[in-house]
Amino acid sequence: MFVSVKARVYTDATGAYTELPALLTPVGLLEPLLDYCLHRSHDRSLTWMRKVTRSVRMFLEYLQTNPAERDTYRLFQNFAQRLYTGTFDRETGLDPSGLCWAPRSPQDASHIITHLSDFFDWLGERRPAAAQLNPRYAGGAFDRQTDEAAYQYRRSKAFLGHTWAANASPTETGHRVRGRRLPKVEKGEPPAFPDERFEELLVKGFCAAGRHDYRGMLITLLLHGAGFRESEPFHLYVCDVFPDPANPRQAKVLIHHPSHGAAPADWRDERGRPRKDNRGAYLAQRFGLVPRTELMDRRHAGWKGGMHDGAYYKQAYWFLPEYGEWFLQLWQRYLQQVARVERSHPFAFINLNREPVGDMYTLTQFNKAHAAACERIGLTVGKALGTTPHGHRHAYGRRLKNAGIDEALIRRFLHHASLESQAVYTQANTREALAALEAAAQRLRAGHAGTPTASGLALPGFKLDD
């Protein structure tokens with residue numbers, strides 16, 4: 001009944017438009033959701049909008065399967081419960097509603113709750129004073145239904161637990177449905193790519209039928225040797241790489257913000273004068289493109305933010321330093337391939353052999369190439385094993401920690417905004433924790449000659465040699 005689609009939205013008489021996720025209903029697009037995404041398009045990513053769209057779609061689907069429920073509070077409460085329990089009868093395995101929802105994790109259910117809460121709050125704030133419904137949304141049945149749900153939510157403030165009822169006390173609402181929480185556990189093994197296999201991955205993994213994949217090797221070096229997130233290299237321009245003046249054998253790499261980063265220095269206007277603007281304007285005026293963060297197709301690449309080194313770029317801090325030297329050597333070989341290909345964009349990593357040749361190389365393509373490279377050297381691909389692209393960032397953070405680099409510098413090299421953000425990348429693994437215990441035991445034994453050892457331990461009724 002409801003389908004997520006891509007919408008091109010024109011908001012005035014100009015030719016400018018915005019591409020956004022939208023929800024298609026049997027009577028047209030769901031306008032309240034479209035307005036909400038437009039309202040947040042300046043500060044929220046397309047990924048976030050897709051998640052909100054999914055949450056609203058689930059809520060509307062639930063509404064259609066329960067048309068006889070008149071108690072709106074109970075409707076909201078039951079929707080929350082079905083996120084956690086799923087919709088199947090445990091004994092028969094059937095779901096007469098046709099929703100067929102599996103139980104969701106507490107984290108995922110909480111995210112759905114938050115998305116709907118923020119959406120309904122925003123929609124309620126747009127309603128004219130003293131009006132039960134917004135006249136803007138009076139035309140479509142599902143628009144009215146969504147607006148009515150927002151109105152009822154604003155009245156009760158008890159929708160879906162403590163996250164959504166933050167401003168309502170139990171005495172106001174009678175009771176509330178608190179979100180379920182998983183037991184707290186110590187973080188497991190950080191999923192870092194094994195450093196001792198990295199050179200083998202580059203040399204042998206990214207080599208098929210005797211041909212080296214320089215493009216894949218370069219992206220992987222940026223992740224493993226400089227700690228970039230896997231989406232960030234896909235915003236790199238050819239002009240963003242050059243020999244480091246402080247060490248000409250090493251590459252200096254500056255990955256600029258997709259929109260706010262400075263346009264290339266060789267950009268000229270119609271009269272040949274240098275133009276100074278950001279990359280958003282450069283892409284629009286020179287190539288008729290938007291930044292890859294705003295593309296709603298396979299060419300999309302995210303940008304998480306964090307701390308930038310300048311206005312506005314992130315510099316590669318190579319560790320170990322020889323990784324920067326390897327990068328420059330491979331880059332020069334890669335540019336020889338790129339020079340033979342026509343491009344209609346400024347991005348460095350392109351399709352060299354598969355169609356459309358010269359088009360932007362995508363994250364999906366790299367993930368497949370990286371997985372194939374791991375398998376060629378006998379590594380099993382899995383996030384928990386550190387053998388996905390993100391495992392290289394973890395390996396970079398752990399390498400910095402093991403080398404005794406100060407936490408403030410690790411934060412800078414990982415381009416985090418806060419010291420706390422790096423904890424997941426630098427935490428000790430189980431092997432290191434056990435080694436610390438053994439070292440502590442040795443110190444204890446050395447300081448206390450009478451401390452019992454395993455060889456001298458005797459328990460009544462037990463023989464250790466059994």
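Reader: Which residues of α12 are buried?
Author: The buried residues of α12 are Gly391, His392, Arg393, His394, Ala395, Tyr396, Gly397, Arg398, Arg399 and Leu400. Buried means under 20% relative accessible area, with exposed over 50% and partly exposed in between (1.4 Å probe, protein chains only). Helix α12 is thus mostly covered, with 10 of its 13 residues buried.

Reader: What should I know about the origin of the model and its numbering?
Author: This is a predicted model, in which local features need pLDDT of at least 70 and side-chain atom pairs count only at pLDDT 80 or more, while totals for chains, interfaces and linings use all residues. Residues are numbered from 1 along each chain as its sequence is written, and side-chain values use heavy atoms, with hydrogens and water left out.

Reader: How far does α12 reach, and what follows the helix?
Author: Helix α12 covers residues 390-402 and reaches 19 Å from its first C-alpha to its last, close to the 18 Å expected at 1.5 Å a residue. That expected span is 1.5 Å times one less than the number of residues. Gly404, with a positive phi near 80°, follows α12.

Reader: How many helices and strands are there in the chain?
Author: The protein chain has 15 helices and eight strands. Helices (H or I, at least four residues) and strands (E, at least two) are DSSP runs, numbered from the N terminus.

Reader: On to the pockets. What lines the largest one?
Author: The lining of the largest pocket has 49 residues, and Ser45, Thr293, His300, Gly302 and Trp303 lie nearest its centre. A pocket is an open set of points on a 1 Å grid over the protein atoms alone, with protein on both sides within 12 Å along at least five of seven lines; a cavity is a set where a 1.4 Å probe fits but cannot get out, and lining residues have an atom within 4 Å of a point.

Reader: Which elements contribute to that lining?
Author: β1 (3-9), β2 (18-25), α2 (46-65), α12 and α14 (423-426) each supply at least two residues of the lining of the largest pocket. The most comes from α2, with four residues.

Reader: And the second largest pocket: which residues are closest to its centre?
Author: Of the 20 residues that line the second largest pocket, Arg211, His212, Asp213, Arg215 and Asn353 are the closest to its centre. Here α11 gives the most to the lining, with four residues.

Reader: What lines the largest cavity?
Author: His235, Tyr237, Pro258, Arg279, Leu283, Pro291, Arg292 and Phe347 line the largest cavity.
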